[in-house]
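I opened this notebook to record what I looked up in the structure. The entries follow the order in which I consulted it.

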Amino acid sequence: MLLYQKMAAEIRSAINDGVYQPGDKLPGIRSYAKQRHISVSTAIAAYHSLEDQGVIESISKSGFYVRPQLNNVIELPKMSARLSQPKAVGSQQMTLQLVNNASNPGIIGLGAAVPDKSFLPVKLMGRYLTQVHKQHLNTVITYDKPAGLMPLRQQIAKRMVAQGCHLVAEDIVITNGCQEAVYLALRSCTQPGDVVAVESPTYYGLLQIMESLSLKALEIPTDPVTGISIEALELALDQWPVKACVVVASFGNPLGACIPDEKKQQLAQLAKDKKLMLIEDDVYGELCHQQSRPTLLKSYDLDDNIIYCSSFSKTLSPGLRVGWVASHSKARQLEYLKYVLNFSSANPGQLAIAQILESGQYDRYLRQVRQQYANATQRLVNKLFQLFPVGTRITQPSGGFVVWLELPGKIDTVVLANNLLDHNISIAPGSMFTNGQKFGNCIRLSAACKWNENVELALVKIAEMIGRMSADKSSDPQPSIL
């Protein structure tokens, strides 16, 4: 065995033994060579050998990292098995508490889907925000049109056209994040009392929007890999007067599902045939774990039946609240609704993001951070598989950073969440993601945290508490709640 092969085998053994976890950075080439008393060329050959085997990967200007390794024995959560009936959305008391916990420095926030600053281009944003305040002060301190600044709308339009969408800048309205974009989209195509189809489970923020608009939610069974069931949606359309359907086609929250291209085409065709308005929430689409992002559902829209919503909150900055909603036929109505709601979005963030997009630095950042999210997500999945009870079902998303777990036995995750808050740990219980009596033994966790000893100890505490709660319950298997 050549020396570099011996060194590669040694590193691989350390990875297999858990010395290096998925996502961990390996020692630098020169540092490793000095540490092992070998030449730099031998160290390079060892690292490249491991890279060729798919064990590690290099990230430009950063170093070598342990690749996430999919564990085929991890079972996925079950797909919800039955179609529910439309139901007025009720209040969910834990939602505001969860949102507040996300910004509490004393809480280990594993519940809220807010990326830690270590995933964000903080210096890049700071540089451009400073620049626009110096160069465009008059624009910064005043209002602009309700639809938003044209430079940003033009940059967004270019990106969407490149992804196959038939849009121009005038079709785009800038919003305060994606949540406002979805709110405006729903207002533009529904009236109080209307039925709106949603994924099941679905993002709790969508349920809050629907509650504020007095809409009825119709939950559609959703697969943790391929997304919303088109067959179940078609059945629902035959039974109830559904006005709109909100879907996250790429890396849905909380399941992380990604609808295959063939199903996206079918969904777009179904919307056309049934005269159904689709609302595509694509806030996680850019955070694919590969280097090419999924096809937009909107790209299959030839009849303007799809309103597209997204934002830069998960990529560039949650705090700037820069999102957008896009539709050709409803652009003027969306602009008017934006004006009525809050006149316009703040200019500094719009200007800074427009310049970042134009410079090409956004795409360079995405290429780097996608691997970071892939590593973080797989690291969390592997740790959960290691710590949590046998029978726990865990999603393995190929994009985004949220993980959905279905716990074995009769675990009430609302009780679990409240108990964990006493230990300064925040999780999102599954009942927040439904308008019905479902997912009581499920939780959503975020992988976009700064991984450290406190996070690992928090996961150990969650596992211990689940174990104690399981021991307190009957050993009889829990009836299906899905």
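I took a disulfide to be a pair of cysteine sulfur atoms within 2.5 Å. By this rule I counted zero disulfides. Cys189 is in no disulfide, and the nearest cysteine sulfur, that of Cys309, lies 9.4 Å away.

I noted that the model is predicted: local features need pLDDT of at least 70, side-chain atom pairs count only at pLDDT 80 or more, and totals for chains, interfaces and linings use all residues. Residues are numbered from 1 along each chain as its sequence is written, and side-chain values use heavy atoms, with hydrogens and water left out.

I then looked up burial (buried is under 20% relative accessible area, exposed over 50%, partly exposed in between, with a 1.4 Å probe and protein chains only). Cys189 is buried because its relative accessible area is 13%. Cys449 is buried as well, at 11%.

Next I turned to Arg153, in helix α7, residues 150-162; helices are DSSP runs of H or I of at least four residues, and strands are runs of E of at least two, numbered from the N terminus. With contact meaning heavy atoms within 4.5 Å, and residues up to four places away in sequence not counted, Arg153 touches residues including Glu170 and Arg332.

Last, I traced an open sheet of four strands, in the order β13-β14-β17-β16, with antiparallel pairing; two strands pair if DSSP finds at least two bridges between them. The edge strands are β13 (393-394) and β16 (428-429).
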